[in-house]
Amino acid sequence: MYRYDEFDQQAVDERVAQFRGQVGRRLKGELTEDQFKPLRLMNGLYLQLHAYMLRVAIPYGTLSPRQMRMLAHVARKYDKGYGHFTTRQNIQYNWPRLVDTPDILADLATVEMHGIQTSGNCIRNVTSDPFSGVAAGEVEDPRPWCEIIRQWSSFHPEFSYLPRKFKIAVTGSEHDRAAIKLHDIGIRVVRNAAGETGFEFWIGGGMGRTPIIAKKIRDFVPKADLLDYATACLRVYNELGRRDNIYKARIKILVHEMGLEKYSALVDEEFARSQGTVKLPDAEIARIQAYFAPPAYETLPATSTAFEARRFEDKGFRTFVRTNVHAHKVPGYAIVSVSLKAPGVAPGDASADQMDAVADIAERYSLDELRVTHEQNLVLPNVKLDDLYTVWKQLSAAGLGSANIGLISDIICCPGLDYCDLANARSIPIADELQQRFADLERQYAIGSLKIKMSGCINACGHHHVGHIGILGVDKHGKELYQLQLGGSGAEDASIGQITGAGFPPERIVGAVETVIETYLSLRHGDAETFLDCYRRVGLAPFKAALYEAR
Amino acid sequence: MKLVKNASAVADDWTHVADDDELPEGKAVVVSLARFRADRDKLVGRNAPLGLRLKSNEAPSSVAEDLGRIALVALEFPIFRDGRGYSHAVQLRQRFGFDGEIRAVGDVLWDQIPHMIRCGIDGFEVGDDFPLAAFEEARTVFTRHYQPDVTGQPTILELRHG
Ligand code: HEM
Ligand code: SF4
């Protein structure tokens, strides 16, 4: 993992001091709420329905047990004992008091964490594949590049007042677990024919009210040009992006309206002029890469008899392994997903005790490392097969043993009307009801891989556009309604879901999802055909018929 | 209104001239791009310094050939959220090598000043009650930076490697 040097620490400490001054001026009335707003947003502090909300970055989703314990400490000391892991590898606290926020940020700074640029119209926390560095078949660990981007984008003098927020995601794998095609810039680490590392650039993806899949703008940006090319992309956007309408201000609209060719020609011109400005010394790349060198793995056999025996004996463990355990690139190790989707808990919420528990487990059994995912779960990236059973037991004891990763109850969901003043509808209670309706694990297995994603309004914080099944809360004459969308995907085969038709009232939306599922089960070609594959084969019509004709 | 340079309030030698006002004889004037385009030859031929005031949607590239005749560019910030001026300042300095004054006019916030300075803005027209402390703080709030900027300071990335 990356560790701050004195420069990184100084920058974050200075930011905390600056923010303390700003909060002081606000509390004394020297700043109006309007003037304070952009300043607090740059530090992750939102004003929500009931209180302030503080968003803390977990850069590219990697964190240490020590950092996780600090997140638990903040939840306990300054909040109501829990935190909410978001869809962008951040954690949110829903109940901090304004006066406490400088202290919270100061506490976080002691473990090299902060809320810098987790909101505001700037370059946001850079996100990545939660399996970075441990996934089999990865071209290269993308995290050193994420860290380079994190540093370059922090307090960027030119790009802190962009037309709109700007999100960058990086993956090092063919299989996209970072949704790069739904980001303002998506980057895939690639190798060229000469074996050199470079970057495939995707531009102008995003969700919100106008979902657009990113377009490929460059096949290969060489290492040395990474930041200059990104600068060129941003400079053109900063000058030409629309500022007359916030719903048209994201780069996706600029690229869409101007056309990829014209946008990319402008970027090329700017890049030709400014290439070589942002120096990225080889020694610096090497320095940062060294922090991400693989940990001290033991040489182990590829299989473990103890593990196989447990799997045979214990059905609960067997199901956990089936969904939550993934192949590791090193023999004898596994990647373990920790589900934050237990029944009755808002998706992504974790208590301070649970955070401490995973921190302990990561320290003992995962080579001191943890990850958070954009699907609002956690990951133990380095667990020995021999330890899997113990890890499962300990997770279960902490209420974190849900064996539902990738299944219908592994729902992504935004805060909705329970916290958010923009919401049209509740989303957490619907997620809860869905989980209850599909509580039977056997049934979930029979349904197979299925991603439900839900947003309480068109801002799409819950990524409903790219849910295999997406649910969107809308307001129809003061009533909450839920629209269904089918066939979305945020992975390498990215697609935007299609709306089925009229929305459903709260008491019928879960039934409607069930109808979709029943229809799928009746149509699928064998157990191996996933919902998404089946949908892509048969299209919307049979689902529409089942949903609306019976009415 | 006061003009702040190097964290001190200073006398302003420049006169902003509205598009339909007379040019004051022998005085340094700042005119809009529209006025500049309409009266270019007359303005360039005057025997006094010429300043140009650009709206946030008017890129410096549109007057690239004339920048050598211009001693001051005033960049308008109609609202603090409109960040085009930052890119325009960077381009004036880095792409066009402009070495006259770049002045921020309009909605400037305390905490934006450090960024503005790093982008090459060196004059600030602010309200009379705007605290000078903000400009003092701007010098010290961040010691080092990750990105190269017009001040030419080495970046953190470079400092790490001597
Ligand atoms: C106070 C109200 C809001 C709350 C509580 C809220 C909450 C969230 C959360 C939890 C996420 C994922 C976490 C993250 O970014 O780290 C998110 C992402 C997102 N938010 Fe919001 N948000 C709010 C306002 C807005 C507004 C006003 C917009 C747009 C106008 C918006 C658009 C989005 C989008 C589009 C994403 C992610 C999808 C993407 O990357 O395109 N949100 N928001
Ligand atoms: S999708 Fe809408 S309701 Fe949900 S958190 Fe975002 S802004 Fe709020």
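The structure is a predicted model, in which local features need pLDDT of at least 70, side-chain atom pairs count only at pLDDT 80 or more, and totals for chains, interfaces and linings use all residues. Residues are numbered from 1 along each chain as its sequence is written, chains are lettered from A and ligands numbered from 1 in the order in which they are written, and side-chain values use heavy atoms, with hydrogens and water left out. In this model, 42 residues of chain A are in contact with 34 residues of chain B, where contact means heavy atoms within 4.5 Å.

**Interface of chain A and chain B**

- The size of an interface is often given as the accessible area lost when the parts come together.
- Chain A and chain B bury about 3400 Å² between them, 58% of it on carbon and sulfur atoms; buried area is the accessible area (1.4 Å probe) that two parts lose on being put together, summed over both.
- The interface holds 5 salt bridges, each defined as a side-chain nitrogen of Lys or Arg within 4 Å of a carboxyl oxygen of Asp or Glu.
- Arg25(A) forms a salt bridge with Asp111(B), with the closest N and O atoms 3.3 Å apart.
- On the side of chain A that touches chain B, at least two residues each come from α1 (6-27), α2 (33-41), α5 (143-153), α6 (226-240), α8 (260-274) and α9 (282-291) of chain A. Helices are DSSP runs (H or I, at least four residues), numbered from the N terminus.
- The most is given by α1(A), with 9 residues.
- By class, this side of chain A has 15 nonpolar, 11 polar and 16 charged residues. Ala, Val, Leu, Ile, Met, Phe, Trp, Tyr, Cys and Pro count as nonpolar, Asp, Glu, Lys and Arg as charged, and the others, Gly among them, as polar.

**Gln18(A) in helix α1**

- Gln18(A) is placed in helix α1 of chain A and is buried, with a relative accessible area of 8%. Buried means under 20% relative accessible area, exposed over 50%, and partly exposed in between (1.4 Å probe, protein chains only).
- Not counting residues up to four places away in sequence, Gln18(A) touches Asp111(B), Glu137(B), Val141(B) and Phe142(B).

**Helix α9(A)**

- The buried residues of α9(A) are Glu284(A), Ile285(A), Arg287(A) and Ile288(A).
- These residues lie on the same side of α9(A), because they cover an arc of only 160 degrees around the axis; the arc is that of the directions from the helix axis to the C-beta atoms.
- The cover over the buried residues of α9(A) includes α5 of chain A together with α6 (156-159) of chain B.
- Exposed residues Asp282(A) and Ala290(A) are carried on the face of α9(A) turned away from its buried side.

**Arg242(A) in a loop**

- Arg242(A) lies in the loop between α6 and α7 (251-258) of chain A and is partly exposed, with a relative accessible area of 24%.
- The side chain of Arg242(A) makes polar contacts of 2.9 Å with the side chains of Asp244(A) and Glu257(A).
- Arg242(A) and Pro163(A) are 79 residues apart in sequence and 6.5 Å apart in space, C-alpha to C-alpha.

Key:
Polar contact = N/O pair within 3.5 Å; in protein donor to acceptor, adjacent residues only side chain to side chain.
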